[in-house]
Amino acid sequence: MATTAIPAGFRALPLPITQLSLAAVLKCGQSFRWSILPLPPSERHGLDNEYRLCLRDRVVCLRQSPDALFYRSVFPPGVPGEMETREAETLAWIRDYFQLEIDLVELYRQWGTADPVFDRLQARFEGIRMLRQDPFENLISFICSSNNNISRITKMVKSLCQHYSPALVTLPHPSGPTLPEETYHPFPPPSALARSEVSAKLRSLGFGYRADFIQRTAAMLVETHGVGWDAKKLMEPSEEWLMTLRSLSTSEARAELLKFVGVGRKVADCILLMSLDKKEVIPVDTHVYQIAIKYYGLNSPSKAANMTPRLYDDVSTKLAAVWGDYAGWAHSVLFTSDLKSFASHGLSSTPPAPPLTRDSAGSSLESTSPVSTPFETPLSTMKRKRATSTKKPTVRPTAFLEVADSLSALAADESGYSLAERVKRRRRKGGISSLDTFCPASG
DNA sequence: ATGTTACCTCAA
DNA sequence: TGAGGTAACA
């Protein structure tokens, strides 16, 4: 058996890739925070990528061969402690985070025996297991997930870390000094997201309506459990409280999660499965619903049905009956196999995306493009209207002054809404007629 | 109680 | 127009 040499600075943990495939698991939409960095040909030795995640006190770096996981951790300068101790802690974290005590190969065998659909797919999707994530990070990340795609969720979570958590360490790119260094921020604690200004700021960062959900959820946690700091666990009390949900029953823990704004049944179930040890829970989203209809004989409605609580339960119950105890884990394999973005949105093949957005919306007339647009569009539109409409648009001589005033007010606004959005909101409220004249609603 | 609808943005 | 939904409202 050909064993891969251990990369310099790394330690090895023997582990068949059938038990864990980092390439699949770390970008299948469980965690949105892993960096996936391609290795240069000179350092590969059969390994494609280096994977990095910033924890509260260290960055964990991983590489993987067919039969081993290689790991090392990097700390900020000046942290005391023995190397041996630190790497032992990191190894313990790895065992816990990847739940390596659970025999995934045996689970695949059981699912394949009970389910012909799974049996047909399992060889092509090996090593997909459930991570055991941090509950607070998981909660906030999945509030971001509503009406959203993996690519944007990833950008949002990164933005959250960069803006609300100080940098912990900066590392060179594994491909060498020709590529820029990578700076790593831990996930921010609840208190960092709880202040009322956060909501508008997140709006300006492109979070949309999720901005309020995140801030209000963080505020609820802080109000209920305080902001003290457990130096030993590096956690705030509300984070520790979220951890205690692991010892509740599934329905009790779910009831607690549903109290947060922005958390409905689907998001709650994601958290139960991905960070609260509820291995049997199957989150039902549009993908899973389609899978259930197509492959598992769920009655497909004649019309496009909404995901009512009743329907949600039907889908969930149906699939749980097929897969048993670890149904949630099995669902993750099917979900990953169905992900269209699995190949195309891979971080390894895509250069780092630019920051989510500028605060263009919040900050004024200096950003030229958003402001110039409203003036440019209407000209052509008005001509069309004039030609096709029986009603002639009346533009009073002073209308452009009102428009200028309106745009100034819009630019000075601190709500965090994008300029386009603020225009729309005003229009909905029936506020500014002259702006309507210049910026007719499209369609 | 069930069934609709609006909600932010981004990338087609 | 829709993307791994949720809250608010008939």
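In the side chain of N147, an N or O atom sits 2.7 Å from a base nitrogen of DNA strand C; a polar contact here is a pair of N or O atoms within 3.5 Å. This is a predicted model, where local features need pLDDT of at least 70 and side-chain atom pairs count only at pLDDT 80 or more, while totals for chains, interfaces and linings use all residues. Residues are numbered from 1 along each chain as its sequence is written, chains are lettered from A and ligands numbered from 1 in the order written, and side-chain values use heavy atoms, leaving out hydrogens and water.

K266 also reaches a base nitrogen of DNA strand C, with a side-chain N or O atom 2.8 Å away.

Now zoom out. There are 23 residues around DNA strand C, and C28, N147, G264, K266 and F335 come nearest; "near" means that a residue has a heavy atom within 4 Å. Sort that surface by type and you get eleven nonpolar, nine polar and three charged residues (Ala, Val, Leu, Ile, Met, Phe, Trp, Tyr, Cys and Pro are nonpolar, Asp, Glu, Lys and Arg charged, and the others, Gly among them, polar). Helix α13 (265-275) gives the most, with five residues, and α14 (286-295) supplies at least two; helices are DSSP runs of H or I, at least four residues, numbered from the N terminus.

How values were computed: Polar contact = N/O pair within 3.5 Å; in protein donor to acceptor, adjacent residues only side chain to side chain.
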